[in-house]
Amino acid sequence: MSSSTVSLQILLLTAIAFTVSGAQKLTVTPDRGTTITISTNQVKGCKVCTGARSSRRCQTSLQLKDNTPVSVEFECPRAENVFSVEIVQHIKCTTKSCNSHIIQKDSGSLPLLAFNRKFIWNLKASAPKAFKIDFRKAGLRQINVSESCPDRHSYTLKAFQTTGNVTVGKYCGTGPISSAQILNQGSFSLDVPAGQKLQNGQFDVSVGEEIKSLAKVTLTLPKGSSSSDLLSPNYPDSFPDDDVMEWYFQVPDKHKTALQLLKLREPRCLKKDTAVEYHIKARVASVLRLTDPQPEQLLGSFSVMLRNCEMNRSQAGSPGLSLKLRVSSSSSSVSCNVYKRQMEGLSLHIEKLRPASDCKMNINSEKPKERITVTSDSVLHFQGCLPEDVQVTATRVIGCSQLKDCPKTQVRLSSPQLPDCLPATLSNVTWHLRPPQHGTVELTFPLGPLKQLLPLQPCNDSIVIEMAESDGITVGQFCPQGAIEKVQIHNNVSVTVSGMESKGRSVLNAIFKEEISERYIFTVSPKKDTPVLLATPGWAVGMKSYSTVSWIVSVPQRMEAHLMFANLSQPKCSNRHTNIRVQRLGSPEEDYSRREDEEADAEITVSESFYLNMSNCMPERGQFSVVTQITLQKSKNRLLTIILSVVATLLVIFVVVLVVICVVVRKKKKRLNHQVSIYNPNGTSFLPGANGFPATHEDNNDHEYASIEDTLVYTHLLRKGNEIGVYGEFDTYRPFVGQTDSQKPLVPKNAGDDDMQRGSFQQGPPLPVRPPSHGERLMDNEIYQTEGQSDEERSPDLGKRLEPEGGN
């Protein structure tokens, strides 16, 4: 084996994988001529590291080559969820030969098995030749970019042009495509998902023709009836400007071929026109517009060339060129043996769709029929029948009258192994499941959890599963790659599966069980940050009257589910009410409940696994249909939330109290600035107003004086002098002279206007006599004496009056 062939073994890696403190380590040795790139699109987070200590380098991508062992370490425990691996090799062709072939082998890549891997072969031809890849041993089948292959191995062919890269197509193994040629440069790649080993195989690479198109794909059609779908380059996006794509069909002898252009989208052209050209050996090429009827009776091998114009793409949203090309081939007369063992207990139905066609069919040499049903070993005969002339379907009835008579294990529902000689492939299979009167049909899905087919949640897989009740009411349409793990229906149900590519593929498992309380129960396990849309049975027509449905939704620990009713239609009920309820598993209380006459919440959050239950009334007008969106997210720390809420509440209370205190203190200070101290003859000075009682005798020093004014001691002499006319009116004692801006004079209770003008009291205060008790009320103080009191009443008994020295 040559060194280039050895290099194509891609991942001859000596790997030692172990975990140290949650970090995964690998020792990788790339083959000569092979480059391994480990990369991630995440700027922050896990990194891949090489080296140790001072020479250690960590980055988001790493490139390995030169057949040198390298120790690789990832900084996170599940690096396979973050990083992807690409293994690249270059193949060059001269005008005579190429230096290698495309070899699929990964015997040494076990350490990288957990990663998504992409094997890429970059190929380059020597002008003016193209390079050619031969798929003749297995063949390929083209699929849409959104589809997946049954074996999960998907191939992609690209052409490298000066104007940019063009995706010629995406393919699965086993099909009519036998070879492909690319002008100048291109690539062929294989995507293998994480955890799946690479299937060994080889595609030969050789020097091709001098083609006039960006690519030429050859199909070898099988004998008998067949149908193949091909897509324009870059589908569903536009085919490149002013470019050409070619398909060549090798057709068996005595076969005729018909072509159809489906899902056609034409561009606005500036120069030239779009066209499709048919080239048949020894005949002049025919050129048709894309909208013209295409040939239905081509005999022998031929080629088809799709030409694009120079498109006007100046306006936003301008359509480009894209289409699906369907090629159907059949012989003029075909005999086909169908055996009962091939049909998995199914009845086979073949129906003629176009009465005006030349197709004739019969069973067991009987007269030609428009419809044939096969239930046992039979010989079918078809003459001039194309795939579009007939439809092939299959049905099977599974039921029991009593639960004890039903199958005790799951019944495997799979597509039958029908012969290839039939004019068309199997369109769909329908299983009619008939449980006992008090029984339930339970369905599980070997293909993985299902998702509901809705306008906002389309299916990427070609398989579509439709469930309907015996009265024709549709439960819903579903497809793989979702979150619905199990469906239970308390009624007769028909399950129709269409789009099955692989024969013998198990699609459903069914079992009959005891009756359930609701009419429908769905078991749902959402994934984190992946919204799941769940529609009520019969959406969008509406649920059946009085029917109920429940979804049992699993919520993992440390997660919470966010529910939104994205599309809610409520009826006017003539009897009972509609109801939407949410209740956690094991909880006796409902978390949420709404009727049709109550407004639904915009969003609900549930932190545990729960039931979502809905029931319908008897509608008088309108319909009951709901689409619920469920999204799992990491739950917040509720204890921390409660603590923070309490702390925030206490902080708010503290601030409010502090503000109140500040306001009160400020008001008190302001009021004190306008108050005047009053002398209390009992020996205590205090402020006017409700300021409480004076301090007790033991608590104050009111009996101690620094100095005593004579006027206060001899007030009675001054009063006597006033009575006999010795002193004038203004010679009486006045408590203070003058007046400040912040203080107002103390005015007796009965003072008149004249007194206010003079600014003085008519009588001076009595002599300071200590009361018998300092605990008396403030109103007992002498300062509040009334004018009606006599001198004797106002003045306390001071004993015998002493005449002043030097008296009259």
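Student: Where is glutamate 344 placed in this model?

Tutor: This is a predicted model. Glutamate 344 sits in the loop between strand 29 and strand 30 (347-352).

Student: Which loop holds threonine 174?

Tutor: Threonine 174 is found in the loop between strand 14 (164-173) and strand 15 (177-183). Its phi is also positive, about 70 degrees, and threonine 174 is not a glycine. With a relative accessible area of 61%, threonine 174 is exposed.

Student: How should I read the peptide bond from alanine 127 to proline 128, as cis or trans?

Tutor: As a general rule, most peptide bonds are trans. The bond from alanine 127 to proline 128 is cis, with omega near 5 degrees. Proline 128 belongs to the loop between strand 10 (116-124) and strand 11 (130-134). The bond from tryptophan 539 to alanine 540 is cis as well, again with omega near 5 degrees. Alanine 540 is in the loop between strand 45 (532-535) and strand 46 (548-553).

Student: Back to strand 29. What is the strand order of its sheet?

Tutor: The strands of a sheet are listed in the order in which they lie side by side. Here the order is 29-33-31, in an open sheet of three strands with antiparallel pairing. Strand 29 (333-338) and strand 31 (360-363) are the edge strands, as each pairs on one side only. Neighbouring strands of this sheet are turned by 15 degrees against each other on average, with direction ignored.

Student: How many bridges join strand 29 to strand 33?

Tutor: Six bridges join these antiparallel strands, strand 33 covering residues 378-383.

Student: Which residues form the covered face of strand 6, and which the uncovered one?

Tutor: To read the faces of a strand, sort its residues by cover. In strand 6 (residues 61-64), Leu62 and Leu64 make the covered face, while Ser61 and Gln63 make the uncovered one. Strand 6 pairs with strand 3 (residues 34-39) in the antiparallel sense, over four bridges. Within strand 6, glutamine 63 stands opposite threonine 37.

Student: Which partners does lysine 216 have in salt bridges?

Tutor: A salt bridge is read from the distance between side-chain nitrogen and carboxyl oxygen, with a cut-off of 4 Å. Lysine 216 forms one with glutamate 209, where the closest N and O atoms are 3.4 Å apart. Lysine 216 also meets glutamate 246 in a salt bridge, at 4.0 Å from N to O. Glutamate 246 lies in strand 20 (residues 244-250) and lysine 216 in strand 18 (residues 215-220), so this pair ties together parts that are 30 residues apart in sequence.

Student: Are these residues buried or exposed?

Tutor: Glutamate 246 and lysine 216 are both buried. Lysine 216 has 11% relative accessibility. Glutamate 209, at 40% relative accessibility, counts as partly exposed.

Student: What is the distance between aspartate 292 and arginine 289 in their salt bridge?

Tutor: The closest N and O atoms of aspartate 292 and arginine 289 are 3.5 Å apart. Aspartate 292 is partly exposed, with a relative accessible area of 22%, whereas arginine 289, at 55%, counts as exposed. Salt bridges can also share partners, and in this way Lys25, Arg56 and Glu73 are joined into one network. The count of salt bridges comes to 22.

Student: Which residues make the nonpolar surface patch?

Tutor: Val646, Leu650, Ile653, Val657, Ile661 and Val665 make a nonpolar surface patch of about 500 Å². Valine 646 lies in helix 2 (residues 638-672). At 44% relative accessibility, valine 646 counts as partly exposed.

Student: What does the secondary structure of the protein chain come to?

Tutor: The chain has six helices and 54 strands. Of its 808 residues, 42% count as buried. Among contacts between residues at least 6 apart in sequence, 79% join residues at least 24 apart. The accessible surface comes to about 44300 Å², of which 50% belongs to carbon and sulfur atoms.

Notes:
Residues numbered from 1 in each chain as written. Predicted model: local features only at pLDDT ≥ 70, side-chain atom pairs only at ≥ 80, totals over all residues. Heavy atoms only, no water. Patch = residues over 30% accessible without salt bridge, like charges linked within 9 Å, V, L, I, M, F, W, Y side chains within 5 Å. Areas by Shrake-Rupley, 256 points an atom, 1.4 Å probe, with all protein chains shown as cover. Helix = DSSP H or I, 4+ residues; strand = E, 2+ residues; numbered from the N terminus. Buried < 20%, exposed > 50% of the residue type's maximum accessible area, 1.4 Å probe, protein only. Contact = heavy atoms within 4.5 Å. Pairing = 2+ DSSP bridges. Axes fitted to C-alpha atoms, helices over the stretch in contact; angles between N-to-C directions.
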